[in-house]
There are 2 protein chains.
Amino acid sequence: MKQHAALAPYLPVHAYGLGDLLYEQARSRHDMIAVIDGDHRFTYEQLDERVNRLAGVLRARGVGKGDRVLWLGQNSFRVLEALLASARVGAIFCPANWRAAPAELNVILDDFDPAIVFWQEAEIGDANRAARKGWKPESNWICHDGCAGEDSYEELLASADPETEFAPVETSTPLLAIYTAAFSGRPGAALLSHESLIIIAWLAMQGQSIDEKSGYLVSGPMFHVGVLMGTLGTFLAGGRNAFVPRVEANQLLQMMQDEKLTHAFVPQPTVVQMREANAGGKYDVSSLFCDAELSDWSMPMVMPRDAPAMKSMGGYGQTEIGGLAAVAWMGGTGAGRPVPFVAFKIGDEQGNELPRGEAGEIFARGPIVMCGYWNRPEENARRVVNGWHRTNDLGKRLPDGSIAFVGPKTTMIKTGIENVYPAEVESALRSHPGVADVCVIGVPDPKWDQNVKAVIVRKPDTDFPAEHFIEHCRALMASYKKPKIIEFTESLPKTPVGFVDRAAVDAGFGGGGYPKVG
Amino acid sequence: MKQHAALAPYLPVHAYGLGDLLYEQARSRHDMIAVIDGDHRFTYEQLDERVNRLAGVLRARGVGKGDRVLWLGQNSFRVLEALLASARVGAIFCPANWRAAPAELNVILDDFDPAIVFWQEAEIGDANRAARKGWKPESNWICHDGCAGEDSYEELLASADPETEFAPVETSTPLLAIYTAAFSGRPGAALLSHESLIIIAWLAMQGQSIDEKSGYLVSGPMFHVGVLMGTLGTFLAGGRNAFVPRVEANQLLQMMQDEKLTHAFVPQPTVVQMREANAGGKYDVSSLFCDAELSDWSMPMVMPRDAPAMKSMGGYGQTEIGGLAAVAWMGGTGAGRPVPFVAFKIGDEQGNELPRGEAGEIFARGPIVMCGYWNRPEENARRVVNGWHRTNDLGKRLPDGSIAFVGPKTTMIKTGIENVYPAEVESALRSHPGVADVCVIGVPDPKWDQNVKAVIVRKPDTDFPAEHFIEHCRALMASYKKPKIIEFTESLPKTPVGFVDRAAVDAGFGGGGYPKVG
């Protein structure tokens, strides 16, 4: 085609990865601080030089496009360096959960088959050595902390050529691997592309109001997409990323104060510890939190009060679609509306679109969506239906078109040929004035496979009869979805973080016979 | 490669164009108003149906991937429809300058070779008919306004199948063609991809604080990337685009008031007209302007006072890199810093990077950059150097790494083997207390090709001698850049919009012998 040949010179111009972003930051923000970690402070120019040296090390060891690089360590500025060096050579980088046991690490090693393993001596050296011993294939193990010798990260960096020329990496190339919830019995590594990560970073920048003056406390686990989103958003905006190997309240407080940090990912238990540690107001945390007592803090994403994601909290997402891909700050109700570069479809099992208001599976498409799971051809083939990624989650369109999350598809009840989603029935029951709490389960039935059963905690001083609740549901939804059986209880078993423990409800109230999903 | 085969199912998931964005908007914002134009008001759901019908019309007439669609008309909501319908079928859409004469339109028709021409009867019907007559090839001419019969836009839409299924279009596919400044003697159409346009839209959304409650007055020409940026930003955010065929002060004021518009692109002369028309305060323009008299308004982009691009104005860009690709609101000084998905390089003629502070050509790369010029294989080959787009503009890195625009490369002076950029020398001279205005030109020299000459307007009551200005420059820059000849004058010739008229200065002060660029 005439057009195609004429435009061919421009194709390489569009290849743009995280390595190109670093190239730019080293020039447009050369003397601004990029990373802080203990005694380490590096500018964007210094970070660029270190990353290029590390990429040279990788390249010298034969690591190229599609090869895997594994991180077995705690949070560190070197996680960002190793990610960026992998980006430079087109490799795939995975930060593993450093709390994993050697046997679990061996499963990951077998599955991910890394060419390079960055490992850590401090705290988890024994576990890492045990994993290495239990894994047969040869690969390059590089110790990132404290070790001397030829497998020492810093020594390799010091002796590496300061490489600066790398072949362009296509924007759509997979870069980050994050092991996510088990399907079919084993976890899989969702692969996010350079493009997806830059989109995610931009979303963080905009939604969390991150700019080049911001400082981000990387205190959550870096194998979590929500933490990486803040880290990469800060990197894109040209701010400072401050790393801590693990969460220790006084250390975090000290760092917030010293570096005047403005953003963070801090899980609730850590907030409680920090609150206690700062009860006397020893540390000035005013750059981050609005009150020194942290009295009102209950969410892990910490950002300025006037940030869009703070003014309108909430959203829907999963690692496989780049984290929160529908957000309340884009408008609407429920989980809000999709971010740029995403479309959603609520569909049936075959991927046919359902009318607004009907619950079905959430499908997503767009460059933010993962490139698939590493080494899972069957699952990848199953998860793509007519060009759409199936999330294995259930949702619906609210009357204003917003996305609402209904629940995970894995808790589906099968009654006859019909699928019933407990979350949808629970939602209907919660709208009844007599319901304080509820859990809907499937109980085995010889004829219908399963029946729908509601376990209800009634509100104090109410005594609506069972039939009343069934009629309430019949008026709100298709008849086959209504509970056939109602059982009352004083309270429902809960998980440590406060959700209803469905497995315990099944065990205590006769649940079972669920269909196999996925 | 094992990885590639395993990930193949996910490739179609990432194809995401403006058509997919419309698909999503029709669902997540189905009942919100998308476009307003005279008596026309359509929701996103209605717009989606109309676009799908129009795309069906295009498809039925054989328009597919890479085919061209030309718009010969004023601003209209149908420009957005035709753009989106082109997006759906993978075609390339060009909104031409509706003020062009028939002979100019024939040049565009010959060059762009459209399969479909949307043309307009009102005001410019005669010019369009003359252009059609002067152009030999057969194509489909569809009249978008007022005409009846088989080439009537609305009749075709009404009789079209309400198509909804279209093959996915790769994000990198060219979609928009904008004829831009002449190079090598004739204008060329810069092609921007779906991806570039979505990035541009996102930048408008963020920089101009556009959200789903915003209303954008499309009063600037839609063949200008700055206007399309606002239109597409509003489309991405889910706001209302309000179109006017041409700028008429009272009509604009009425629309602002009626629709409570919040954003606009209004050129300065139009603001003056509006100020006069609203001298009595007849119209309430408080949704858009902060004062009813528009007394302090001097820039075409109108947006809320607290929008990032309003708090930090300025930037550097060109249509070929998607408009402003460095902006002050990303931080820094001068023209600010690059937006996401862009890297810049200041390079010499061969594309080798120059040290910070040195002026050279601005190169850019990233998916926001154009896909090349339509039908210009030689120019496209010349404009890409080692994976970078050469802008034909001169710039430098400021001490803090920010981008500064120095001037267009086409005014380069050649002295011996050295390139001297007038804008750089002028900048040095302007820092001298005796200079009121200045223009640096090249004058022919038999030995050095050209000499550098400065034409200076001295400040009142100063009489610094010529040698003084030469010494001033010698202290600030490499010696070969300093002017060898100084001539004083009372005033410099200016263009109608107030820039120094370089051609007139050359003619009046002996300029000439410039090197051929490009």
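Below is a chat about a predicted model of a structure with chains A and B.

Biologist: Let's start where the chains meet. How many residues of chain A are in contact with chain B?

Modeller: In this predicted model, 74 residues of chain A are in contact with 74 residues of chain B.

Biologist: And what area is buried between chain A and chain B?

Modeller: About 6,200 Å², and carbon and sulfur atoms give 59% of that. On the chain A side, A:Tyr10, A:Trp202 and A:Phe341 supply 13% of the area chain A buries against chain B, more than any other three residues.

Biologist: What about polar contact between chain A and chain B, how many residue pairs?

Modeller: There are 38 residue pairs in polar contact between the two chains, counting pairs with both residues at pLDDT 80 or more.

Biologist: Which elements give two or more residues to the side of chain A that touches chain B?

Modeller: For chain A, they are α1 (2-7), α2, α8 (194-207), β15 (337-338), β16, β17, α13 (377-383) and β19 (388-397). Helix α8(A) gives the most to that side, with 7 residues.

Biologist: How does that side of chain A split by class?

Modeller: The side of chain A that touches chain B has 40 nonpolar, 17 polar and 17 charged residues.

Biologist: Give me one to look at. What does A:Arg27 meet in a salt bridge?

Modeller: The side chain of A:Arg27 meets that of B:Glu353, at 2.5 Å, N to O. A:Arg27 sits in helix α2 (residues 18-28) of chain A, while B:Glu353 is in the loop between β16 (343-347) and β17 (360-365) of chain B, so the pair joins two chains.

Biologist: Is A:Arg27 buried or exposed?

Modeller: A:Arg27 counts as buried because its relative accessibility is 18%, and the cut-off for buried is under 20%.

Biologist: What about A:Arg356, which residue does its side chain meet?

Modeller: A:Arg356 forms a salt bridge with B:Glu45, at 3.9 Å, N to O. Here A:Arg356 is in the loop between β16 (343-347) and β17 (360-365) of chain A and B:Glu45 is in helix α3 (residues 44-60) of chain B, so this pair joins two chains. A:Arg356 is partly exposed, with a relative accessible area of 40%, and B:Glu45 is partly exposed at 39%.

Biologist: And B:Arg397, what does that one form a salt bridge with?

Modeller: B:Arg397 pairs with A:Glu24, the closest N and O atoms being 3.0 Å apart.

Biologist: Which residues are linked in a network of salt bridges?

Modeller: A:Arg29, A:Glu212, B:Arg337 and B:Asp400 are linked in one.

Biologist: Now within chain B. What does B:Arg390 meet?

Modeller: B:Arg390 meets B:Glu361 in a salt bridge at 2.9 Å, N to O. B:Arg390 is in strand β19 (residues 388-397) of chain B and B:Glu361 in strand β17 of chain B, so the pair ties together parts that are 29 residues apart in sequence. Both B:Arg390 and B:Glu361 are buried.

Biologist: Changing topic: where does A:Thr231 lie?

Modeller: A:Thr231 lies in helix α9 (residues 225-237) of chain A. It counts as buried because its relative accessibility is 1%.

Biologist: Leaving aside neighbours within four places in sequence, what is A:Thr231 in contact with?

Modeller: With those neighbours set aside, A:Thr231 is in contact with A:Tyr216, A:Val218, A:Met222, A:Asn241 and A:Phe243. A:Tyr216 is 15 residues from A:Thr231 in sequence and 6.8 Å away in space, C-alpha to C-alpha.

Biologist: Last topic, sheets. What order do the strands of the open sheet of 3 strands in chain A have?

Modeller: The order is β13-β14-β15 (chain A), with antiparallel pairing. The edge strands are β13 (315-318) and β15 of chain A, each pairing on one side only. Strand β14 (residues 323-327) of chain A pairs with β15(A) over 2 bridges, and A:Val327 stands opposite A:Arg337 in β15(A).

Biologist: And in chain B, how many bridges join β13(B) to β14?

Modeller: There are 4 bridges between β13(B) and strand β14 (residues 323-327) of chain B, which run antiparallel. B:Gly315 stands opposite B:Val327 in β14(B). Those strands belong to an open sheet of 3 strands in the order β13-β14-β15 (chain B).

Conventions: Residues are numbered from 1 along each chain as its sequence is written. Chains are lettered from A and ligands numbered from 1 in the order in which they are written. This is a predicted model: local features need pLDDT of at least 70, side-chain atom pairs count only at pLDDT 80 or more; totals for chains, interfaces and linings use all residues. Side-chain values use heavy atoms; hydrogens and water are left out. A salt bridge is a side-chain nitrogen of Lys or Arg within 4 Å of a carboxyl oxygen of Asp or Glu. Buried means under 20% relative accessible area, exposed over 50%, partly exposed in between (1.4 Å probe, protein chains only). Contact means heavy atoms within 4.5 Å. Buried area is the accessible area (1.4 Å probe) that two parts lose on being put together, summed over both. A polar contact is a pair of N or O atoms within 3.5 Å; within protein, one must be able to donate a hydrogen and the other to accept it, and residues adjacent in sequence count only if both atoms are side-chain atoms. Ala, Val, Leu, Ile, Met, Phe, Trp, Tyr, Cys and Pro count as nonpolar, Asp, Glu, Lys and Arg as charged, and the others, Gly among them, as polar. Two strands pair if DSSP finds at least two bridges between them.
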